[in-house]
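Dear colleague,

Here is the structure I said I would pass on. My notes follow below it.

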Amino acid sequence: MADETADLAELRDEIDRIDDDLVDLIAKRVRTAERVAEVKSDAGTDLVDEGREAVVRANYADNFRQQDLDPERGRELADSLIALSLAREREVVRDK
Ligand SMILES: C=C(O[C@@H]1C=C(C(=O)O)C=C[C@H]1O)C(=O)O
């Protein structure tokens with residue numbers, strides 16, 4: 001029982017470290033989207049690009065499938081990340 005508790009704590013520590021890394025990567029993605037917003041704003045194009053979003057969603061679905069994960073969950077994750085990026089992009093353009 002004591003061993004199981006130690007294992008569980010170690011595994012949760014590992015999950016916490018992975019989550020920290022994921023947040024770093026998500027922040028990096030958002031910062032990059034801010035730069036995309038600058039480029040689109042300068043060019044006068046819409047922030048929302050549905051064609052590009054479809055590519056991102058398909059990439060997530062493919063990558064999830066290759067990792068034996070549910071591709072629909074990959075699309076959902078892509079949607080969340082896109083929403084996060086777009087929210088920040090709108091702030092960048094609004095604050096210009
Ligand atoms: C970052 C972009 O802006 C938006 C956000 C996207 C994303 O988070 O992947 C994709 C398309 C756009 O709706 C982009 O156009 O590439």
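Which of the 13 residues around the ligand come nearest? They are Val-36, Asp-49, Arg-52, Ile-82 and Ser-85, where a residue is near a molecule if its C-beta atom, placed from the backbone, lies within 6 Å of it.

This is a predicted model: local features need pLDDT of at least 70, side-chain atom pairs count only at pLDDT 80 or more, and totals for chains, interfaces and linings use all residues. Residue numbers start from 1 along each chain as its sequence is written.

At least two residues of the shell around the ligand come from each of α1 (2-43), α2 (50-66) and α3 (71-94); helices are DSSP runs (H or I, at least four residues), numbered from the N terminus. α3 gives the largest share, 5 residues. By type, the shell has 8 nonpolar, 1 polar and 4 charged residues (Ala, Val, Leu, Ile, Met, Phe, Trp, Tyr, Cys and Pro count as nonpolar, Asp, Glu, Lys and Arg as charged, and the others, Gly among them, as polar).

For α2, 17 residues at 1.5 Å a residue should span 24 Å, and its end C-alpha atoms are 24 Å apart, which agrees; the expected span is 1.5 Å times one less than the number of residues. After α2 comes Asp-68, with a positive phi near 65 degrees.

Regards
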